[in-house]
Amino acid sequence: MSRRKTPIVALVYDFDGTLSPGNMQEFGFIQAIGKKPQEFWQESDDIASGQDASNILSYMKLMFDEARKAGIKLRREDFKRFGAQVELYDGVLQWFSHINAYGRSRGVKVEHYINSSGLTSMIEGTAIAKEFKRIFACSFIYNEEGEAVWPGVAVDYTAKTQFLFKINKGILSVRDNKKVNESQAEDNKRIPFPNMIYMGDGETDVPCMKIVKMFGGHSIAVYDPANKKKTNVARKLLRQQRVNFITPTDYTEGSRTMQIVCAIIDKIRIDTELAALSK
């Protein structure tokens with residue numbers, strides 16, 4: 001009997017509101033430029049609406065402009081320093097080791113990916129950065145002195161979908177736009193969509209949630225029970241059948257979130273075994 005390949009399960013996460021409460025810029029950066037979060041985001045929205053521009057590029061420009069006014073240099077290490085202050089939901093720090101161990105116990109390899117409109121360098125400064133095989137998020141272009149001078153990657157809610165197809169084909173380069181569009185037999189794709197689990201907190205994640213669910217994977221809307229708006233959004237997504245499950249942002253051992261993900265891992269393992277037996 002030929003040796004069966006170990007199934008790979010991709011857990012793909014949004015970041016802000018999914019693994020962390022609020023937006024990452026609110027944990028140090030906005031305070032450092034002397035503004036309040038509501039003030040910063042209103043100014044960002046005003047730029048976007050006034051210029052009919054991307055909300056993502058608008059917040060990146062505002063970060064750049066306000067940091068310069070405040071005499072703050074935006075180097076990778078500065079972003080990481082702000083990222084180190086980002087708060088995480090209960091259980092997130094231990095989540096990855098628990099899920100990885102569960103996957104191993106079921107003969108499954110679990111990989112973790114970030115798919116976010118936040119900043120790569122800030123996420124790299126968090127305590128969980130080492131857990132991800134790849135962080136797909138926004139980034140700046142840096143000059144010879146290592147200072148941010150221009151947006152390099154801007155990830156909005158539709159741009160997020162391209163990274164699902166890159167994960168599907170095992171492409172880790174953000175720049176690649178050739179291999180991701182090449183035709184490839186389903187059997188040759190590194191992580192089939194049925195082996196994907198997408199976790200997000202709101203309507204900006206809907207395109208990714210719909211794609212993963214449509215192609216046989218599982219989408220999970222997480223919500224902070226203390227936030228009525230987020231709770232209602234999650235319930236609406238479930239009612240509209242855009243997600244498979246909803247769960248509170250509790251990642252502790254034994255939580256509903258862990259029960260759902262572990263059950264999906266079990267299903268993927270069984271589906272893989274049944275597919276092998278059918279050949």
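Modeller: Buried means under 20% relative accessible area, exposed means over 50%, and partly exposed is in between (1.4 Å probe, protein chains only). This is a predicted model: local features need pLDDT of at least 70, side-chain atom pairs count only at pLDDT 80 or more, and totals for chains, interfaces and linings use all residues. Residues are numbered from 1 along each chain as its sequence is written, and side-chain values use heavy atoms, without hydrogens and water.

Colleague: How many salt bridges does the structure hold?

Modeller: Side chains of opposite charge can pair when their charged atoms come close. A salt bridge here is a side-chain nitrogen of Lys or Arg within 4 Å of a carboxyl oxygen of Asp or Glu. The total is 19.

Colleague: Is Asp-65 buried or exposed?

Modeller: Asp-65 forms a salt bridge with Lys-61 at 2.8 Å, N to O. It also forms one with Arg-68, at 3.4 Å. Lys-61 is partly exposed at 46%, and Arg-68 is exposed at 59%. Asp-65 has 16% relative accessibility, so it counts as buried.

Colleague: How many residues apart are Arg-190 and Glu-111?

Modeller: Their side chains meet in a salt bridge of 2.6 Å, N to O. Arg-190 sits in the loop between α7 (160-169) and β5 (196-200), and Glu-111 in strand β2 (residues 109-119). Helices (H or I, at least four residues) and strands (E, at least two) are DSSP runs, numbered from the N terminus. The pair links distant parts of the chain, and the separation in residues is 79.
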